[in-house]
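Please open the structure in your viewer and keep the selection tool at hand.

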Amino acid sequence: MLEGQIIKALSGFYYVFSEGKIYQCRARGNFRKRNISPLVGDDVEFQVENKTDGYILDVLSRENALVRPPVANIDIAILVFSAVEPDFSTNLADRFLVAIEKEDIQPVICISKMDLATDVEKEQIAVYKEVYETIGYDVFVTNDEPDKEAIKDYISGKTAVIAGQSGVGKSTLLNSLNSDLTLKTAEISNSLGRGKHTTRHVELMPIGDGFVADTPGFSSIEWDDLQPETLQFCFPEMEDRRSGCKFRGCMHDNEPSCAVKTAVEANEIADFRYKHYIQILQELKNRKPRY
């Protein structure tokens, strides 16, 4: 029996990477009875039938698992946003960050297409970059070669997921990190104002001695399992200050003597970040229960 990692799932087959080789495997039927669905990124035990084929016998314990994209055991999330076409959106960036923070995955922000931005747009992006770096996030500009090398270093020895809207340049970034990939890229559709989908399935691709999951582009994020009380833990700068609030259960909305609101007023927390927090908080409070 061998151990390996699922790097691709396609048409009922799981492609398992183990000791430098890839094996095409099927899952044993008892997975369905146990309500277990192997995911890309899963560490598994498998049995070899011949030099190229085998059967997955067991899925080992997961560190985490994402629903969209369906991938497990993610160490870092590379969140790609374009400076223009589509324009950089702090609202969307914060929503992606919340989705990643709630899974306890380390986010890395990448900003593409800076070469297409005007001087005014570059200045505004620089302001946002400083805000996110002050919070503690690493922010890279994908046009810069030193930043590309830094991204490679982040991925080294890890499993990463790359995510962002369609058309922001995820495939372009991956191709630049590993020229052997030759992933399809797509221009922005002028009639729709969004990128054409170019990725059809989740697959872990090698970047140096790490792996990255390329995923279908998406622009909407759901909060199915996020509770209003836990949202603040997805905003690191708010979590750092919550102990200074007068009330233990402070949600930094209407409560008096709130350390977070005091920090916003003192420009220690970016106003746009707080506004996005309140927007998401209201969405969570107004969410209809599912039965």
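Select Asp94, Glu237 and Arg273 together: a network of salt bridges links these residues in this predicted model. Side chains of opposite charge can pair when their charged atoms come close. The structure contains 12 salt bridges, and the following stops visit individual pairs.

Next, select lysine 102 and aspartate 225, which form a salt bridge with their closest N and O atoms 2.9 Å apart. Lysine 102 is found in the loop between helix 2 (90-101) and strand 9 (106-112), whereas aspartate 225 is in the loop between strand 15 (210-214) and helix 6; the pair therefore ties together parts that are 123 residues apart in sequence. Lysine 102 counts as partly exposed, at 26% relative accessibility, while aspartate 225 counts as exposed, at 54%.

Proceed to aspartate 42 and arginine 62. The closest N and O atoms of this salt bridge are 2.7 Å apart. Because aspartate 42 lies in the loop between helix 1 and strand 4, and arginine 62 in the loop between strand 5 and strand 6 (65-66), the pair ties together parts 20 residues apart in sequence. Is aspartate 42 buried or exposed? With a relative accessible area of 0%, aspartate 42 is buried.

Now select aspartate 58 and arginine 34, a salt bridge in which the closest N and O atoms are 3.3 Å apart. This pair links distant parts of the chain, 24 residues apart: aspartate 58 is in strand 5 (residues 53-59), and arginine 34 is in the loop between helix 1 (30-33) and strand 4 (43-48). Aspartate 58 is partly exposed, with a relative accessible area of 24%; arginine 34 also counts as partly exposed, at 40%.

Begin with cysteine 245, in the loop between helix 6 (236-239) and helix 7 (259-265). Cysteine 245 counts as buried because its relative accessibility is 10%, under the 20% cut-off. Which residues does cysteine 245 touch, not counting those up to four places away in sequence? They are Cys250, His252, Ser257, Cys258, Ala259 and Val260.

Then centre the view on cysteine 258, likewise placed in the loop between helix 6 and helix 7. Cysteine 258 is buried, with a relative accessible area of 3%. Leaving aside neighbours within four places in sequence, cysteine 258 is in contact with Cys245, Cys250 and His252.

Methods. Residues numbered from 1 in each chain as written. Predicted model: local features only at pLDDT ≥ 70, side-chain atom pairs only at ≥ 80, totals over all residues. Heavy atoms only, no water. Helix = DSSP H or I, 4+ residues; strand = E, 2+ residues; numbered from the N terminus. Buried < 20%, exposed > 50% of the residue type's maximum accessible area, 1.4 Å probe, protein only. Contact = heavy atoms within 4.5 Å. Salt bridge = Lys/Arg side-chain N within 4 Å of Asp/Glu carboxyl O.
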